[in-house]
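Subject: Structure handover

Hello,

Here is the structure I promised to pass on. Please open it next to this message as you read.

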Amino acid sequence: EIRRYLTGSLRLLMLFLLVLGFAKPLIAEEAESLRVGVRVAPPFAYQLSDGGPWRGIAIELWELMAQRLELEFTYEPMPLTRLLDAAAVGEIDVGIGALSVLPEREERMDFTHAYMSGGLGIAAKVENAGLVTALLRLLSLDFLKVIAGLSGVLLFFGFFVWLFERKRNEQFGGSRLEGIGSGFWWSAVTMTTVGYGDKSPVTLPGRLVALIWMFGAIIIISGFTGAIASSLTVGSLQGKVRGLADLPTVRVAALDSSTSALFLRDQRIAYSPVADVDEALDGLLADRYQAVVHDRPILHHLIQQRRLGNVAVLPERFERQLYAFVLPLEGDLRKDLNVVLLEITNSPEWGALLERYLGEQSF
């Protein structure tokens, strides 16, 4: 009995050691540190100092995801082209940074779900036009069109109030011209909520028109206010480049192999390739370039960080982009990463993270 017991125990021990021997490589393989390629592009990914901690929207998102999945990893900073090539051949397990999802990239590599939507923008040197130019814009055709349109709306409602009130309300009496003028005055006072109260409708149809105008004016005045502000301020910052239409006639810089470079190539706009956006902005300041085309969030962040008061991102937005993490085609992380990515980006902490890096701006 003792011999049989010892023999059985020995066999179980040998089996345990055998299984453990096979499991060790698997455990070691699971615990292997992931290689994470990083494209340095503030505010998505950057280091506070050489060898210092990493910061940025993409960095913090990735670290939250890795923490939830209990993943070990090491960062490997590399240029955009090198990162994409490394992901395509499986030299890295994940690529993070300001990486746009493009059809030509999808053919070579995989992507997670998008975590942010952005677009391209144009940075250019600008100068304040001064008071005289701003006053001259009051006589510009665009501004006069806006004023004419607003006057037409006021006249429309003023006319109908006069039409219903002219026989029963002496406030809208007098000649036809005087009555319509009174209606126009009432319409303007009502829209601006000045509330003089010197003229008010007394008939039921007149009050119905007034009620419609009170609610309609809330919507209309906001639209006209925006149009008036735009006609006065667009161009108040003077520069040779006002928008996308001006790019074919000026010297343009763009990051080589980036989304902006692909866009310019598709639009048949000549550009000078640069190694990074800081180099492009330096060239803009030195007048080697007159425009820099790149991701709007990155341009905003760099201009703000470098305090470039005479450089601005123009209002025009184009070429919507989706930012995501890049993965090798043969990788097996995509499903797990997507689950936690969706959990995080639909949580309040994601909104707080974006506001911390981008403020209240929407890109």
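This is a predicted model: local features need pLDDT of at least 70, side-chain atom pairs count only at pLDDT 80 or more; totals for chains, interfaces and linings use all residues.

Residues are numbered from 1 along each chain as its sequence is written, and side-chain values use heavy atoms, with hydrogens and water left out.

**Salt bridges**

The count comes to ten salt bridges. The rule asks for a side-chain nitrogen of Lys or Arg within 4 Å of a carboxyl oxygen of Asp or Glu.

Take Arg 356 and Glu 60. Their side chains form a salt bridge at 3.0 Å, N to O. The pair links distant parts of the chain, 296 residues apart. Arg 356 belongs to helix α13 (residues 348-358), Glu 60 to helix α2 (residues 57-69). Helices here are DSSP runs (H or I, at least four residues), as are strands (E, at least two), numbered from the N terminus. Glu 60 counts as buried because its relative accessible area is 19%. The cut-offs are under 20% relative accessible area for buried, over 50% for exposed and in between for partly exposed (1.4 Å probe, protein chains only).

Next, Asp 282 and Arg 306. Their side chains meet in a salt bridge at 2.5 Å, N to O. Asp 282 lies in helix α10 and Arg 306 in helix α11, so the bridge ties together parts that are 24 residues apart in sequence. Asp 282 is partly exposed at 36% relative accessibility. Arg 306 is partly exposed at 29%.

Glu 91 also pairs with Arg 82 in a salt bridge, with the closest N and O atoms 2.7 Å apart. Glu 91 is partly exposed, at 35%. Arg 82 is partly exposed too, at 40%.

There is a network as well: salt bridges link Arg 68, Glu 343 and Glu 349.

**Thr 203**

Where is Thr 203 found? It sits in the loop between α7 (176-191) and α8 (204-233). Thr 203 is buried, because its relative accessible area is 4%. Its side chain makes a polar contact with the side chain of Glu 165 at 2.4 Å. A polar contact is a pair of N or O atoms within 3.5 Å; within protein, one must be able to donate a hydrogen and the other to accept it, and residues adjacent in sequence count only if both atoms are side-chain atoms. The Thr 203 side chain also reaches the backbone nitrogen of Gly 206 at 3.1 Å.

**Asp 336**

Asp 336 is part of helix α12 (residues 334-345). It counts as partly exposed, because its relative accessibility is 43%. Asp 336 and Thr 112 are 224 residues apart in sequence, yet 9.8 Å apart in space, C-alpha to C-alpha.

**A pocket**

By class, the lining of the second largest pocket has 13 nonpolar, two polar and four charged residues. Ala, Val, Leu, Ile, Met, Phe, Trp, Tyr, Cys and Pro count as nonpolar, Asp, Glu, Lys and Arg as charged, and the others, Gly among them, as polar.

Best wishes
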